[in-house]
Amino acid sequence: MAVATDSGFLKAANGHDTADGSLLEVRDLEKHYPLYGGVLRRQTGAVRAVDGVSFDVEAGETLAIVGESGCGKTTLGKTVARLLEPTGGKIRFDGRDIANLSGRSLKPLRRDIQVVHQDPSSSLNPRRRVGAIIADPLKIHGIGTERERDKRVREVMDRVDLPHEFRNRYPNALSGGQKQRVSIARALILNPKFIVLDEPTSALDVSVQAKVIALLRELQAELNLTYLFISHDLSLVKNIANRIGVMYLGQFMEVASSEQLFENPLNPYTEQLLSAIPVVEREEEQLKPARVDLHGEPPDPANPPEGCPFHPRCHRRFDACDKVHPDIVETNEGHTVRCLLYPGDKRTAVDEYSTETERQALRQHDATTVQSEQRPDGVGPPE
Ligand SMILES: Nc1ncnc2c1ncn2[C@@H]1O[C@H](COP(=O)(O)OP(=O)(O)OP(=O)(O)O)[C@@H](O)[C@H]1O
Ligand code: SF4
Ligand SMILES: [Mg+2]
């Protein structure tokens with residue numbers, strides 16, 4: 001069984017080797033927010049919002065990041081786009097180390113990486129007209145004359161299907177979908193390579209959501225854009241993502257292609273997320289894992305549990321789960337999972353806390369796992 005290590009820059013969590021030149025390579029990324037307390041306002045702890053995340057994104061692909069509220073999705077997106085400074089880890093974009101850039105040296109990166117935020121109502125300045133908002137990045141980077149900028153604004157408004165006369169309106173005069181088109185136009189105006197889409201449709205009605213998703217897909221094909229698509233909704237990303245990373249308490253629990261994740265989820269948390277998706281079609285019902293309710297709330301990221309971060313809510317937990325922290329393990333090419341049912345290098349520690357039946361089941365599973373991505377029988381509570 002290959003272990004996709006959380007450390008080292010050469011072997012990616014998704015199985016890619018950096019030698020093949022991914023557009024974005026992230027290794028062991030951490031973003032901790034310090035907590036201060038007491039009269040002297042000393043640091044008393046930290047919120048471990050992103051806690052050792054590794055992944056690659058190839059040019060032209062969409063990697064979706066999904067997980068419940070507070071799991072660290074926005075922090076991950078902003079840190080990768082270098083709107084936030086990482087606490088630790090490496091970020092390589094287009095062959096350059098960008099984790100340690102600061103101040104002015106970040107400016108060229110702003111042309112290549114853009115962010116579309118969740119709620120256009122709060123991310124667009126209500127006192128500025130739409131034309132000025134969209135042109136802002138050109139002005140900041142000193143690109144073009146007034147006339148050239150106006151021409152570029154019209155071009156980009158055409159691309160996102162916004163009428164030119166909207167240039168003179170204020171954001172509040174626009175619908176939610178139109179405001180999000182303004183955000184997308186602003187993100188496109190500098191011809192970026194990579195866009196972080198942070199829940200770009202969650203503030204919109206379902207019918208408008210579909211149109212914005214269709215637009216994003218068209219733009220991706222037309223402009224060869226690469227997306228990091230953040231969402232709390234697995235069903236939404238199914239059709240837009242090439243691969244999906246499932247995040248919990250600042251860590252990836254599973255990374256797989258969209259098809260693999262939906263057809264053969266390995267991590268119990270992924271199972272619970274899939275199980276929570278409402279089913280319309282009868283055939284889809286048969287594809288879903290048996291219903292396992294997602295109950296309780298995620299733990300406090302300032303005080304994460306010992307062992308597996310998901311163990312307090314896991315329907316498959318066994319004795320080792322609250323004692324041993326699982327590594328990310330590759331079970332098949334491009335499919336990685338963090339779960340002690342796939343113990344990787346933690347075999348000895350897991351054995352120590354397992355019954356003889358569980359040990360045998362895990363060992364038998366190790367021998368077959370490369371050919372067959374199935375959970376080991378005989379470990380954890382009965383289904
Ligand atoms: N500036 C900050 N200072 C301290 N803690 C923060 C800060 N920003 C976020 N957090 C905490 O970091 C954790 C991750 O937050 P983040 O916003 O990245 O999660 P999220 O997955 O995007 O959530 P949501 O789905 O609600 O948008 C949460 O516990 C949050 O309270
Ligand atoms: S390690 Fe244990 S608690 Fe964590 S997901 Fe796997 S079975 Fe559940
Ligand atoms: Mg968020």
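## Around lysine 323

Let's start with one residue of this predicted model. Leaving aside residues up to four places away in sequence, lysine 323 is in contact with Glu306, Gly307 and Tyr353. Its place is the loop that runs between helix H11 (282–287) and strand E11 (328–332).

How exposed is lysine 323? It has 15 C-beta neighbours inside 10 Å, and therefore counts as partly exposed; the buried class would need 20 or more, and the exposed class 12 or fewer. Lysine 323 can also be placed relative to valine 350: the two are 27 residues apart along the chain, and 8.7 Å separates their C-alpha atoms.

## Helix H5 and its two sides

Now for a helix. H5 takes in residues 146–159, 14 residues in total. At 1.5 Å a residue it should span 20 Å, and this agrees with its end C-alpha atoms, which are 20 Å apart.

Which residues of H5 are buried? They are Arg149, Val153, Val156 and Met157. Looking down the axis of H5, these buried residues fall within an arc of 105 degrees, so they line one face of the helix. Helix H4 (130–140) and helix H6 (176–188) are among the elements that cover them.

The face of H5 turned away from this buried side is where you will find Arg147, Glu148, Lys151, Glu155 and Asp158, which are exposed.

## After the helix

One backbone detail is worth a look on the way out of H5. Aspartate 161, which follows the helix, has a positive phi, near 60 degrees.

Note on methods. Residues are numbered from 1 along each chain as its sequence is written. Chains are lettered from A and ligands numbered from 1 in the order in which they are written. This is a predicted model: local features need pLDDT of at least 70, side-chain atom pairs count only at pLDDT 80 or more; totals for chains, interfaces and linings use all residues. Helices (H or I, at least four residues) and strands (E, at least two) are DSSP runs, numbered from the N terminus. Two residues are in contact if their C-beta atoms, placed from the backbone, lie within 7 Å. The expected span of a helix is 1.5 Å times one less than its number of residues. The arc is that of the directions from the helix axis to the C-beta atoms.
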